Amino acid sequence: ENALALWCVKESFVKLTGEGLSRPFSSLLLKNNSIFDENGNRLAWAKNGQIGRFLWAASSGKKLEISVTVLKVEEAIRALK
């Protein structure tokens, strides 16, 4: 398992809860797009992936339906206008 990808998912969870690094990452388990505590209780849904050399992750209290669109810089600027 990719340690950096796992870190990104766990980091997204502690940002979601506001706990930050006060919660040990070792107490969080990732399985089947969900984050669980040490007792097997689901804490959140999670998704992660990679776009080129960039990793991304998201956590939510609800099941996540995420779609990713890669835009060139010029396309992104036009989309913001």
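Visitor: Which residues does Ala46 touch, not counting residues up to four places away in sequence?

Guide: The model shown is a predicted one. In it, Ala46 touches Val9, Leu30, Asn33, Ser34, Ile35, Ala58, Ser59 and Leu64, once residues up to four places away in sequence are set aside. A contact requires heavy atoms within 4.5 Å, so each residue in that list has passed this test.

Visitor: What makes up the largest nonpolar core?

Guide: Eight residues form the largest nonpolar core: Val9, Phe13, Val14, Phe25, Leu28, Ile35, Ala44 and Ala46. Helix H1, residues 3-17, and strand S3, residues 42-51, each supply at least two residues of this core. H1 gives the largest share, namely three residues.

Visitor: What is the order of the elements from the N terminus on?

Guide: The elements run α-β-β-β-β-α.

Visitor: How does the radius of gyration of the protein stand against that of a compact globule?

Guide: For 81 residues, a compact globule would have a radius of gyration near 12 Å, whereas the protein has 15 Å. The C-alpha atoms fill a box of roughly 45 × 25 × 25 Å along the principal axes.

Visitor: What share of the residues counts as buried?

Guide: Of the 81 residues, 26% count as buried. The accessible surface comes to about 6,100 Å², and carbon and sulfur atoms account for 53% of that surface.

Visitor: Why is Ala57 called partly exposed?

Guide: The relative accessibility of Ala57 is 27%. Buried means under 20% and exposed means over 50%, so Ala57 falls in between and counts as partly exposed. Ala57 lies in strand S4, residues 54-60. Leaving aside neighbours within four places in sequence, Ala57 is in contact with Cys8, Val9, Ser12, Lys47 and Asn48. Its C-alpha atom is separated by 16 Å from that of Gly18, a residue 39 positions away along the chain.

Visitor: Why does Leu6 count as partly exposed?

Guide: Leu6 has a relative accessibility of 23%. A buried residue must be under 20%, and an exposed one over 50%; Leu6 therefore counts as partly exposed. The place of Leu6 is in helix H1. Leu6 and Phe25 are 19 residues apart in sequence, and their C-alpha atoms are 9.6 Å apart in space.

Visitor: Why is Asn32 called exposed?

Guide: The relative accessible area of Asn32 is 67%, and exposed means over 50%, so Asn32 is exposed. Asn32 is found in the loop between strand S1, residues 29-31, and strand S2, residues 34-36. Phi of Asn32 is near 50 degrees, a positive value in a residue other than glycine.

Visitor: Why is Asn33 called partly exposed?

Guide: Asn33 also lies in the loop between S1 and S2. Its relative accessible area is 37%, between the cut-offs of 20% and 50%, and therefore Asn33 is partly exposed. Phi of Asn33 is near 60 degrees, a positive value in a residue other than glycine.

Terms used:
Residues numbered from 1 in each chain as written. Predicted model: local features only at pLDDT ≥ 70, side-chain atom pairs only at ≥ 80, totals over all residues. Heavy atoms only, no water. Helix = DSSP H or I, 4+ residues; strand = E, 2+ residues; numbered from the N terminus. Rg over C-alpha atoms; globule rule 2.2 N^0.38 Å. Buried < 20%, exposed > 50% of the residue type's maximum accessible area, 1.4 Å probe, protein only. Areas by Shrake-Rupley, 256 points an atom, 1.4 Å probe, with all protein chains shown as cover. Core = buried A, V, L, I, M, F, W, Y, C linked by side-chain atoms within 4.5 Å.
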